[in-house]
Structures are given as structure tokens and as C-alpha cells.
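Please look at the sequence and the model before reading on.

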Amino acid sequence: MKFGKEFASQMVQEWQEAYMDYNHLKAILKDMLRSRPQNSSAPVASTPKGTLKRRVSLYKSFSGLAIRYRESPRNDEDEVILVHAEDREGSEEFYKTIFLKSAEGGAEQELMFFNKLDDEFNKVNVFYKKKVNDVIEEADDLSKQMNALIALRVKVDKVVRFRSSTSNETSTSASMEHHINDSRLGRSHLHMDVIQEIEMSNDTKLADESSSHVEQPNSKTSLRGFRPASLEILDHVKINVITPETPVSTVKGLVLSSNPDLSFSKKELRKVEEQMSIALKEFYHKLQLLKRYSFLNLLAFSKIMKKYDKVTGRNASKEYLKVVENSYFGSSDEVNKLMEKVESAFIKHFANGNRRKGMNTLRPTAKRERHRVTFLLGLLTGCSLALIVALMVLIQARNILKTNSADRVRYMDNIFPLYSLFGYIILHMLMYSANIYFWRRFKINYPFIFGFKQGTELGYREVFLLSSGLAVLALAAVLSNLDMEMNPRTKSFSEFTELVPLGLVAVLLLITFCPFNIIYKSSRFFLIQTALHCICAPLYKVNLLDNFFADQLTSQVQAFRSLEFYVCYYGWGNFKMRSNSCLKSDVYKTFYFIVAIIPFWIRSLQCLRRLLEDRDIMHGLNGLKHISTIVALAMRTSNELSRRRTIWTILAASSSGIAMIANTYWDIVMDWGLLRRNSRNPWLRDKLSVPRKSVYFVAMVLNVVLRLAWMQSVLGIRQTPFLHRTALTALVACLEILRRGIWNFFRLENEHLNNVGKYRAFKSVPLPFNYDDDEESRAR
């Protein structure tokens with residue numbers, strides 16, 4: 001792979017604008033190379049050698065470069081560039097290159113190259129310095145947090161011992177003093193080893209360059225002058241433990257006032273330790289990204305300067321790269337020191353001194369592509385295609401679905417809705433698999449946006465494998481159902497034949513809730529947890545993943561109605577005779593309303609929760625949009641079930657039209673960020689991930705057209721000569737799932753580009769303690 005592609009693939013995508021513009025500089029060199037033959041006959045610089053020597057020497061004597069590079073004398077005639085630093089606004093140092101061969105023919109492009117190179121160099125240097133200063137400040141905060149955690153550990157141990165045995169209080173305190181004074185005995189039950197962590201003390205901050213290495217606990221210097229963390233720290237901090245929100249905790253928070261004081265319980269200590277562990281892991285991840293940023297840019301400058309030397313035949317790379325290496329981002333060692341200290345602290349405090357365990361937690365291994373996944377994917381895809389062909393042949397050969405036949409009507413009214421449930425799920429999984437593929441192709445950081453743990457997210461192959469496996473099960477069930485029904489030897493097992501769809505649902509539920517570590521357990525349980533958050537929408541804190549998942553549910557209204565039909569068909573219907581009276585039941589009709597409304601009601605409650613938390617009016621408008629959809633669904637459902645069609649048709653048409661316009665506008669303008677008239681890309685937006693602009697216009701048109709398919713029942717299109725009513729309903733539901741798949745890509749693309757614009761590559765992790773001075777500074 002060429003370096004340009006490797007460079008782009010290794011970037012932190014949210015920082016891509018802060019990297020060196022390697023492609024632009026390479027393009028300048030290509031233009032220089034193409035124009036070189038035309039300038040090969042140009043006369044040599046007319047400036048006399050003596051004048052050039054005198055100009056260079058005078059410049060060096062006044063710029064201070066002679067002092068800076070005195071240790072490497074060289075011939076002035078061989079010099080191509082001179083790089084010097086200029087102090088501009090504040091304390092920032094900007095580098096400027098003077099091209100000494102500007103009098104030669106065709107030097108304009110070289111001047112343009114070095115001007116662009118200086119701009120990129122200064123951009124990278126300033127960005128890196130700003131980010132390093134940010135992590136140094138964060139390291140100071142983490143140092144204070146670790147001091148409070150150490151003191152809390154000691155205090156909790158005191159309280160626990162006092163509660164367990166009041167009579168042994170004196171011996172306990174004596175034992176504590178003994179362990180503080182002599183840490184080499186190794187018999188401490190108070191976690192005193194954590195107190196002896198020099199790098200996390202108040203006197204030695206994480207960013208202090210003077211404490212470059214962690215001292216060994218058995219050395220003499222480690223105990224000389226050592227002061228354990230004072231328990232007085234706890235008098236100046238308040239607990240800030242963010243407990244995982246549950247419906248019960250949310251209700252308690254509304255009814256009862258929160259108590260920020262420390263209770264010194266083991267439960268509280270565990271929560272604090274869990275938060276600190278997460279904060280240190282996220283902080284270490286930041287340091288890793290900064291280190292990678294510095295390394296990649298250093299490598300890019302080296303590559304581009306070598307290309308310049310190759311194209312021009314000059315020797316300028318050594319001079320320029322020396323300045324790059326001596327710059328802040330090339331010579332700063334703060335990130336490496338911070339990484340060493342975080343590793344040492346994490347291993348000692350949170351891995352019980354087990355270095356392998358601690359490093360595996362801090363540096364999770366990258367997910368490997370497995371050949372068996374590819375093999376099984378091909379196998380199951382081939383099996384599903386073969387089953388589709390076999391099903392079509394069976395239907396055609398035996399004329400199972402004859403037009404207007406009684407068997408056809410009974411099958412479409414009773415069996416087809418049961419199996420269509422799996423079709424909706426499989427199609428949605430296929431669309432999600434395609435979304436993942438295109439997100440990766442266009443470098444959209446979907447694991448970070450969704451909050452997936454590194455290395456645990458499913459790739460498009462895994463999702464496609466799961467959808468293919470489910471397709472094989474569903475198609476095999478349909479084929480076996482038809483075969484048993486038409487085969488005279490198995491026709492007597494009619495009851496068992498009708499139970500095949502129910503058995504398939506049971507298998508799917510067993511796989512989903514299986515507690516064993518098979519079939520991507522972590523992803524399955526993550527999905528269940530997200531679904532639970534959506535069901536209890538107003539009682540859980542809402543994030544983007546919850547919103548995204550609830551949006552998927554709004555496109556699966558027909559799947560929820562199929563589940564309702566399962567309950568009615570097998571609970572109250574005569575499934576042995578393949579008949580049901582669901583549409584005649586008032587209870588079924590009532591739940592037919594409720595089931596369709598539930599996903600949109602969840603989204604409106606999520607918007608309400610975010611409106612109360614963020615105080616952003618846009619969340620309120622988004623909630624009103626979903627309420628308009630609820631009204632439209634209610635009117636449409638009433639129109640389908642009511643015999644008085646005129647009034648309900650008018651209400652359904654008007655409410656559906658309003659909801660369609662509102663939803664379409666919100667999709668394109670708010671969720672996708674398009675239709676910006678004054679943007680760099682007219683009627684799109686300033687930044688685009690997909691190079692072809694036509695893709696965005698096609699997606700907008702498709703979104704509008706597929707939204708119009710939602711109006712088919714209002715327009716009275718309920719059945720066609722070649723499609724049964726249930727088949728037409730399933731087709732419209734599939735079109736909505738396709739629209740949702742298109743929406744998914746552009747929604748996450750817009751979110752990713754917002755992160756890129758704000759250089760937001762990390763998650764904000766709440767810290768467990770609040771210091772009194774921090775609260776006073778906030779109040780000011």
C-alpha cells in the first residue's frame with residue numbers, strides 16, 4: 001500500500017483536518033515534476049556566487065541561525081533552505097522557510113511548496129501542543145482524584161473494621177501505622193501499596209518532568225521523604241458517583257434529595273474505583289491517539305521531503321527534518337511520560353500488580369478477521385439462495401398460490417403474516433450490514449459514535465452472517481411447512497405443521513437471550529440493554545445510541561403487528577383449522593392501535609427527557625414531529641378498520657400529509673444536515689464524506705419517494721391483481737426498512753462530521769470526586 005493511503009487509513013478521523021495535507025503537497029511535487037522538462041533549459045541563476053554567499057552569511061548573522069546550527073558547518077553553496085522560528089501572537093512559535101534558490105528558473109513552484117509545507121508544519125505543531133496541554137491539565141485532575149481515592153480506601157477500611165469489631169479499634173489503628181511505616185512486609189489488608197504510588201501523590205503531578213520514572217517500592221529513596229495521602233483530603237471533596245440510571249434510581253432522584261457526602265461504604269468505594277478505572281482507560285486512549293498523531297505526521301514530513309529531494313535533485317530534507325525533529329511535536333516527551341505513569345498506576349491500583357492483565361485492559365487487542373466467518377457466510381448465503389429457488393419451484397410446480405383460490409386466501413391471511421416477521425428482521429439486518437460496510441469505506445467512526453467497546457463491535461461480515469443464518473432457518477421453515485402440507489404422508493400432522501412458525505420464534509428468542517458465550521454474547525446483551533433503555537425511555541438517560549435504536553423501531557411497526565398476530569392466532573385463533581377472527585375482535589383492534597404507536601411514543605418520551613436535561617428547544621420540536629406521526633398513524637389505522645370511510649379518509653390523508661412533510665424536512669435538514677444553500681457544496685453541506693455529490697441528491701429524492709409509499713393505505717390502494725392485501729402491506733413495510741437503511745448512513749455521516757469539526761475524538765468521562773475549590777471556581 002502506498003504511504004498516502006496508509007497515512008489516510010491510520011488517521012484519527014475526527015482530527016483529519018489537523019493532519020499534514022500530504023496529498024496537496026504531493027500534488028505540488030507532481031506539477032513540479034511535469035513542468036521540469038520545460039524549465040530544464042532555463043538559465044542558471046544570474047546572481048553572482050559572491051553576492052549569494054554574502055547574502056546568506058549576512059542573513060545568518062542577524063537571524064541567530066549561526067548559533068543554532070554552529071555544530072554542523074557546511075558549504076553555503078550547497079544550502080537550499082533556511083528555516084527559522086518567529087514568535088507571533090502569545091507564546092506560539094511559527095516556523096518560516098527561506099528558499100535560497102529563488103533566483104533560479106522555475107523556482108515559483110518550489111516557493112509555493114515550502115510555503116504550504118510551513119503552513120502544515122505550524123498547523124500540526126500548534127494543534128499537538130494544544131492537545132498536550134489539555135492532557136497535562138487532565139492529568140493534574142486525575143492526580144487529585146487518585147489522592148482522594150487512596151484516602152477513601154484507607155477510610156473505608158477503618159470504618160469497616162470499626163463496624164465489625166469495636167473492641168479492636170486500637171489494634172487496627174496500630175496495624176495501620178505499622179503498615180504505613182514499613183511497606184515491605186507485604187501483610188497489609190488496607191491497600192497501603194496504593195498509597196506508596198509516588199507518581200499519583202499531590203506533591204508529584206503526572207505532568208511534572210522531574211519525576212520521569214516511578215521509583216521501586218523497595219528502594220531507599222522511595223520511602224525517604226514519603227508522605228502518605230492524608231485523610232484530610234476527604235474533608236474537601238464531595239462524592240460525584242454517577243450510578244447507572246435505572247427507573248428506580250430516577251424516581252428516587254426525583255423524590256429524594258441527593259446526598260453528595262461520603263458514606264465510606266464498600267459499595268461506594270467500588271463505584272468510585274469503577275469510575276476511576278474508566279477515566280484512566282479513556283485518558284490512556286487519548287495519550288495513544290496523541291502519540292500516533294505525532295508519529296504519523298513525523299513520518300509524513302520525512303516522506304514528503306524525500307520526495308522533494310528526489311524530484312528536484314536537491315538536498316533540503318536534512319535541514320528541514322532537523323527543525324521538525326527539534327520542534328515541540330517532534331521532541332516533546334510529555335505524552336510518553338504520562339503513558340508510563342498511567343500504566344504504572346493502573347497496574348498497581350486496578351490490576352493487583354499484574355502487568356499483563358493491566359496492559360491487556362489498557363491496550364485491548366484489535367479484532368482479527370476470521371476465515372471461518374467468511375466461510376460460513378458464503379455457505380449460509382449459498383444455502384439461502386438455494387432455498388429461495390427451491391421455494392419458487394415448489395410454488396410454481398404445485399400451483400399452491402392459485403389466483404382467487406381458497407387455499408391461497410387462507411395461506412395469505414394466516415400463514416404469510418407469521419413468516420413475514422422474519423423477512424422484516426432479515427432485511428433490516430442486511431441494511432445494517434450494508435451501513436457498516438459503507439461507514440467503514442468512507443471512514444465514519446461508528447464504534448465511537450455508538451459507544452461500542454474497542455474490539456467488540458460487529459463488522460459487516462458478522463451481521464451479514466447472522467442475517468444469512470436467520471434466512472436459512474426461516475426459508476427452511478417455510479419450505480418444510482409447505483412440503484408437509486402438500487405431502488399426503490405428513491398431511492395428517494396438520495397441527496404440527498401450523499406450529500412451525502411459532503417454533504421458529506421460540507428458537508430466535510432462545511438464541512437472543514441465551515446466557516452462554518455463543519453467537520456474539522456481548523453484542524446480544526448490549527442489544528437487550530439498549531432495548532430496555534428504550535422501553536423505559538423517560539427513566540433512563542438518553543444518548544445517541546438510544547435515539548438511533550428507537551428510530552429503527554419506528555420502521556418496524558409492521559413487525560410489531562406481526563407479533564400481535566402471533567398472540568392472537570395461537571392464543572385465540574383456531575390455528576388447527578388455519579382460521580382466525582382477529583380483525584373482528586375489539587381487543588385486537590385496540591392493540592393494533594397501541595402496537596403501532598409504541599415506537600413513536602418512545603421517541604417522543606426520549607425527546608422530552610433530553611428537552612428537560614439539555615434545555616434545547618430542538619428536542620421539543622423533534623418530539624412534536626413524532627407526536628404528529630402518532631396522530632397520523634391513529635387516523636390511518638382508524639381508516640383501515642372503520643366502515644365509514646369518508647371522514648376517516650379525510651382525517652387520515654390530512655394528518656399523514658402533515659406528518660410526511662414534517663418527517664421529510666427533519667430527515668434531510670436536521671438529521672442529514674443537507675439543503676444548506678450557502679455551503680461550499682450548494683444545497684448540500686460544507687463537508688461531504690462521499691465524493692460524488694449526486695449520491696446525496698439521489699438519497700433525498702429516494703427519501704421523499706419512499707415516504708410517499710407510506711400513503712398507500714390512505715389513497716385506497718389495498719390490493720392489486722397480482723398482490724394480496726397482506727403481501728402489499730409487507731411490501732410497503734419493506735420499503736420503509738430500505739428508507740431507514742439509507743437514513744442510517746447519512747445520519748451517522750452527519751454526526752461524524754460534526755465530531756470532526758469539533759475535533760471530538762474522546763468520550764467525556766465523569767470523575768468521582770468534586771473538590772471544594774473546583775466548585776468555588778465554577779460558582780465564580
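**Salt bridges in the predicted model**

A network of salt bridges links D667, R707, E736 and R739. The model is predicted, and it holds 21 salt bridges. Three further pairs are described below by topic.

**R603 and D551**
- A salt bridge joins R603 to D551, with 2.9 Å between the closest N and O atoms.
- The pair links distant parts of the chain, 52 residues apart: R603 belongs to helix α23 (residues 586–614) and D551 to helix α21 (residues 544–554).
- Both R603 and D551 are buried.

**R609 and E613**
- R609 and E613 form a salt bridge through their side chains, at 2.7 Å from N to O.
- Helix α23 contains both R609 and E613, which are four residues apart, about one turn of the helix.
- R609 has a relative accessibility of 11% and therefore counts as buried, the cut-off being under 20%.
- E613 has a relative accessible area of 31%, so it is partly exposed, a class that lies between the 20% and 50% limits.

**D671 and R747**
- The closest N and O atoms of the salt bridge between D671 and R747 are 3.9 Å apart.
- Because D671 lies in helix α25 (residues 645–671) and R747 in helix α27 (residues 725–757), this pair ties together parts that are 76 residues apart in sequence.
- D671 is buried, at a relative accessible area of 11%.
- R747 is also buried, with a relative accessible area of 18%.

Key. Residues are numbered from 1 along each chain as its sequence is written. This is a predicted model: local features need pLDDT of at least 70, side-chain atom pairs count only at pLDDT 80 or more; totals for chains, interfaces and linings use all residues. Side-chain values use heavy atoms; hydrogens and water are left out. A salt bridge is a side-chain nitrogen of Lys or Arg within 4 Å of a carboxyl oxygen of Asp or Glu. Helices (H or I, at least four residues) and strands (E, at least two) are DSSP runs, numbered from the N terminus. Buried means under 20% relative accessible area, exposed over 50%, partly exposed in between (1.4 Å probe, protein chains only).
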